[in-house]
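Please read it with the coordinates open.

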Amino acid sequence: MVKKKAEKQYTEEALQKKTVAELKDIIKEKGLKVTSKMRKADLIALILGENAGSVLDDATKKLAERIQKELDEANKKLKVPVVVYPAITKNPPRLLEDDMLINSKLIRPGLIESVFPLAEDLYMVSYFIMQKDCIIACCCLGDLLDFVKNGVEQQGGVAVLKKHFRKKYPYLASLYDVKPDGIGKWPAMPYLMTIAWESEEPRWYLTEKIYDGDFPSMVYYGVVNDQKALEVLFHFREALDKMWKELEKSDAKAPKARMKEYFGVDNLEIED
């Protein structure tokens with residue numbers, strides 16, 4: 001007979017020294033369940049077996065209360081214009097709490113706003129929009145890329161980038177060139193497009209479409225628990241970094257100055 005491996009015992013003092021991620025690993029080893037909203041004290045109590053059931057019940061109750069509050073607020077603001085934050089900002093709509101990786105919130109029915117850290121006191125704000133056949137993820141670049149229009153020419157009724165623009169801004173050109181396939185499905189990568197948000201003037205957005213996404217799950221459990229949404233945010237993070245570096249090393253004085261003014265930062269050093 002194979003002997004069952006003895007379960008490791010922990011003291012509260014030892015657990016207090018561990019990170020939230022380490023505590024969650026211990027909980028998984030014990031075969032217990034954890035919710036994304038449980039705080040460190042709840043995790044420790046669950047490991048020690050102190051009111052484990054009530055901890056989970058309380059976390060579930062708090063989650064339901066939070067979602068209901070967000071739904072109520074979102075419905076109340078149906079006729080209020082959405083304040084769209086720049087893709088990069090020092091002043092996000094919400095800060096991260098405790099050990100949050102992402103702070104996401106339903107701000108209108110069918111619209112989630114997420115705050116993702118780029119560096120100390122610097123954040124990326126993105127939006128997830130529920131559509132009939134997909135979820136549109138985007139982050140706002142304002143009018144930063146209006147100069148791209150100067151690099152476009154018409155060829156056979158199709159707008160294409162001029163050779164000199166491609167040579168000078170190869171990465172921007174690659175984002176501009178992304179197109180859907182023969183059945184209208186966009187690839188899983190960022191691309192540039194203009195969006196007229198709620199009757200406003202069109203602005204540039206870094207965009208990506210998520211197919212077969214679960215929007216209700218993103219609302220209830222947060223963007224941080226959706227693998228596809230997480231991948232998009234890391235795609236945006238990388239794209240913003242490359243765009244910044246390409247414009248920074250160019251001789252385009254006006255776009256460079258506008259970029260720093262719009263984002264409110266003089267340089268972009270994204271932390272790993």
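Predicted model: local features only at pLDDT ≥ 70, side-chain atom pairs only at ≥ 80, totals over all residues.

The points below go from the whole chain to single residues.

1. Local features were considered at pLDDT of at least 70. Side-chain atom pairs needed pLDDT 80 or more.

2. **Overall make-up.** The protein chain holds nine helices and nine strands. It has 272 residues, and 42% of them count as buried.

3. **Contact range.** Take the contacts between residues at least 6 apart in sequence. Of these, 56% join residues at least 24 apart.

4. **Salt bridges, the count.** How many salt bridges does the chain have? The count comes to nine.

5. **Arginine 94 and glutamate 113.** These two side chains meet in a salt bridge, at 2.9 Å from N to O. Arginine 94 sits in the loop between strand 1 and strand 2, and glutamate 113 sits in strand 3, so the pair ties together parts that are 19 residues apart in sequence.

6. **Lysine 245 and aspartate 241.** Here the salt bridge has an N to O distance of 3.2 Å. Both residues belong to helix 8, residues 227–249. They are four residues apart, so about one helical turn separates them. Aspartate 241 has a relative accessible area of 17%. That is under the 20% cut-off, so aspartate 241 counts as buried.

7. **Arginine 258 and glutamate 261.** The closest N and O atoms of this salt bridge are 3.8 Å apart. Both residues lie in helix 9, residues 253–263. They are three residues apart, about one turn of the helix. Arginine 258 is partly exposed, with a relative accessible area of 27%. Glutamate 261 counts as exposed, at 58%. The pair also belongs to a network: salt bridges link Asp143, Arg258 and Glu261.

8. **A negative patch.** Which residues form the negative surface patch? They are Glu120, Asp121, Glu271 and Asp272. Glutamate 120 lies in the loop between strand 3 (111–119) and strand 4 (122–130). Its relative accessible area is 66%, so glutamate 120 counts as exposed. Aspartate 121 lies in the loop between strand 3 and strand 4 as well. At 49% relative accessibility, aspartate 121 counts as partly exposed.

9. **Positive phi values.** Most residues other than glycine have a negative phi. Aspartate 121 has a positive phi, near 60 degrees. Aspartate 212 also has a positive phi, near 60 degrees. Where does aspartate 212 lie? Aspartate 212 is found in the loop between strand 9 and helix 7 (215–221). With a relative accessible area of 72%, aspartate 212 is exposed. Please look at the backbone of both residues.

10. **Lysine 90.** This residue lies in the loop between strand 1 (88–89) and strand 2 (103–108). At 48% relative accessibility, lysine 90 counts as partly exposed. Which residues does lysine 90 touch, leaving out those up to four places away in sequence? The partners are Asp121, Leu122, Tyr123, Gly264 and Val265. Lysine 90 and tyrosine 123 are 33 residues apart in sequence. Their C-alpha atoms are 6.1 Å apart in space.

11. **Isoleucine 210.** Is isoleucine 210 buried or exposed? The relative accessibility is 4%, so isoleucine 210 counts as buried. The residue belongs to strand 9, residues 203–210. Beyond residues up to four places away in sequence, isoleucine 210 touches Phe128, Cys134, Ile135, Lys228, Ala229 and Val232. Isoleucine 210 and lysine 185 are 25 residues apart in sequence. From C-alpha to C-alpha, isoleucine 210 and lysine 185 are 10.0 Å apart.

Note on methods: Residues numbered from 1 in each chain as written. Heavy atoms only, no water. Patch = residues over 30% accessible without salt bridge, like charges linked within 9 Å, V, L, I, M, F, W, Y side chains within 5 Å. Areas by Shrake-Rupley, 256 points an atom, 1.4 Å probe, with all protein chains shown as cover. Salt bridge = Lys/Arg side-chain N within 4 Å of Asp/Glu carboxyl O. Lys, Arg positive; Asp, Glu negative; His and termini not counted. Charge placed at Lys NZ, Arg CZ, Asp CG, Glu CD. Helix = DSSP H or I, 4+ residues; strand = E, 2+ residues; numbered from the N terminus. Buried < 20%, exposed > 50% of the residue type's maximum accessible area, 1.4 Å probe, protein only. Contact = heavy atoms within 4.5 Å.
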